[in-house]
Amino acid sequence: MISYPRVTVICVVLAAHMMVASAMGQDYPSRPVTIVVGYTPGATSDLLARTMAERLSAVWGQSVIVDNKSGVGGNIAATYVARAPGDGYTLMVGTDAMMTSNVFLYKNTPFDPVKDFAPITNAGANIICLAIAYAKANPGKLQYGSSGIGSPHHLAGELLRHKTGIDIVHVPYRGGGATINDLLGGHIKLAFLSLSSAVPHLNSGNIRILAVVERDRYAAMSDIPTIGETVPGFEMSSWVGFFSPAPTPLPLLARLNDAMVNVLKIDAVKEKLAALGLAVAPSTPSELAAMVNQGLAVRGELVKAANIQVE
């Protein structure tokens with residue numbers, strides 16, 4: 001049986017810990033904050049991070065730095081942040097690929113997307129579209145481009161093949177820029193692209209968006225159907241969110257969530273991100289955690305069914 005003196009000591013320790021955590025949330029930030037991005041400058045996640053950094057810096061009166069640690073599908077950045085202190089000074093833009101697909105695509109992934117991170121907020125859906133094709137009449141001849149093996153663009157193509165039985169061949173590229181270049185050049189007839197890569201070329205008439213891969217139509221282009229309207233059960237949502245290392249105290253997470261959600265609700269920010277093909281949809285930490293868990297289940301099944309391996 002625990003003696004009263006020990007109970008008193010335990011209560012004092014817990015109270016002190018809660019007071020320290022609360023103070024961290026109130027005093028934060030007292031020095032520059034870094035947002036780590038797992039991709040190169042110019043990627044959607046990078047542009048999101050820079051938009052958020054600019055706004056948070058103005059609100060907090062502290063520098064917010066974007067640090068690009070690209071490579072291995074975002075794993076370098078995720079590993080770095082997973083090992084960082086949970087003090088709110090090292091944050092991360094996490095994508096659905098980094099947080100749900102990579103553990104199935106790479107052997108010995110050096111981080112756990114659930115245990116090693118504390119979700120802050122979802123930023124939005126990275127709209128992916130299907131750009132022009134011809135199909136079943138030419139089995140085996142149709143090639144579709146994506147931004148790389150295991151990317152959500154690649155997985156969208158594999159899901160389409162699985163759901164319809166269409167014989168299409170995957171051609172992986174290093175990023176959306178190279179994909180769109182070959183599509184425009186006629187080297188491939190079909191591509192799954194982030195909307196931000198496709199939109200600049202729509203007015204030229206050289207490509208046409210056939211559909212989006214999300215469950216619902218994209219509000220900014222509501223005339224474009226979803227693939228699921230033709231292929232029942234098809235959905236390949238791609239999202240981008242903000243994360244902190246797992247030990248981050250709850251009061252600090254609450255402050256981060258509040259600050260980021262307020263930024264994402266600003267009309268000018270929503271318009272800027274919409275131009276990148278990002279449909280803003282802020283969330284609570286628990287909602288983002290649920291998205292990670294659901295994504296792990298869905299992506300795991302698809303990667304295994306399609307036998308996708310990163311070379």
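Visitor: Which residues does asparagine 75 touch, not counting residues up to four places away in sequence?

Guide: A contact here means heavy atoms within 4.5 Å. In this predicted model, asparagine 75 touches Asn102, Tyr106, Thr109 and Phe111, with residues up to four places away in sequence left out.

Visitor: In which helix does asparagine 75 lie, and is asparagine 75 buried or exposed?

Guide: Buried means under 20% relative accessible area. Asparagine 75 has 5% relative accessibility, so it counts as buried. The helix is α3, which covers residues 75-82.

Visitor: How many residues along the chain separate asparagine 75 and tyrosine 39, and what is the distance between their C-alpha atoms?

Guide: Asparagine 75 and tyrosine 39 are 36 residues apart along the chain, and 9.7 Å separates their C-alpha atoms.

Visitor: Where does proline 247 lie, and is proline 247 buried or exposed?

Guide: Exposed means over 50% relative accessible area. Proline 247 reaches 60% relative accessibility and therefore counts as exposed. Its place is the loop between β10 (239-245) and α8 (250-264).

Visitor: Which residues meet where α2 and α9 are in contact?

Guide: From α2 come Leu48, Thr51, Glu54 and Arg55; from α9 come Ala268, Val269, Lys272 and Leu273. Sorted by class, this contact of α2 with α9 has four nonpolar, one polar and three charged residues.

Visitor: Now the whole protein. How many helices and strands does the protein have?

Guide: The secondary structure comes to 10 helices and 11 strands. Of the 311 residues in the protein, 48% are buried.

Visitor: What share of contacts joins residues at least 24 apart?

Guide: Take the contacts between residues at least 6 apart in sequence: 76% of these join residues at least 24 apart.

Visitor: What does the accessible surface come to?

Guide: The accessible surface of the protein is about 14800 Å², and 55% of this belongs to carbon and sulfur atoms.

Definitions and conventions. Residues numbered from 1 in each chain as written. Predicted model: local features only at pLDDT ≥ 70, side-chain atom pairs only at ≥ 80, totals over all residues. Heavy atoms only, no water. Helix = DSSP H or I, 4+ residues; strand = E, 2+ residues; numbered from the N terminus. Nonpolar A, V, L, I, M, F, W, Y, C, P; charged D, E, K, R; others polar. Buried < 20%, exposed > 50% of the residue type's maximum accessible area, 1.4 Å probe, protein only. Areas by Shrake-Rupley, 256 points an atom, 1.4 Å probe, with all protein chains shown as cover.
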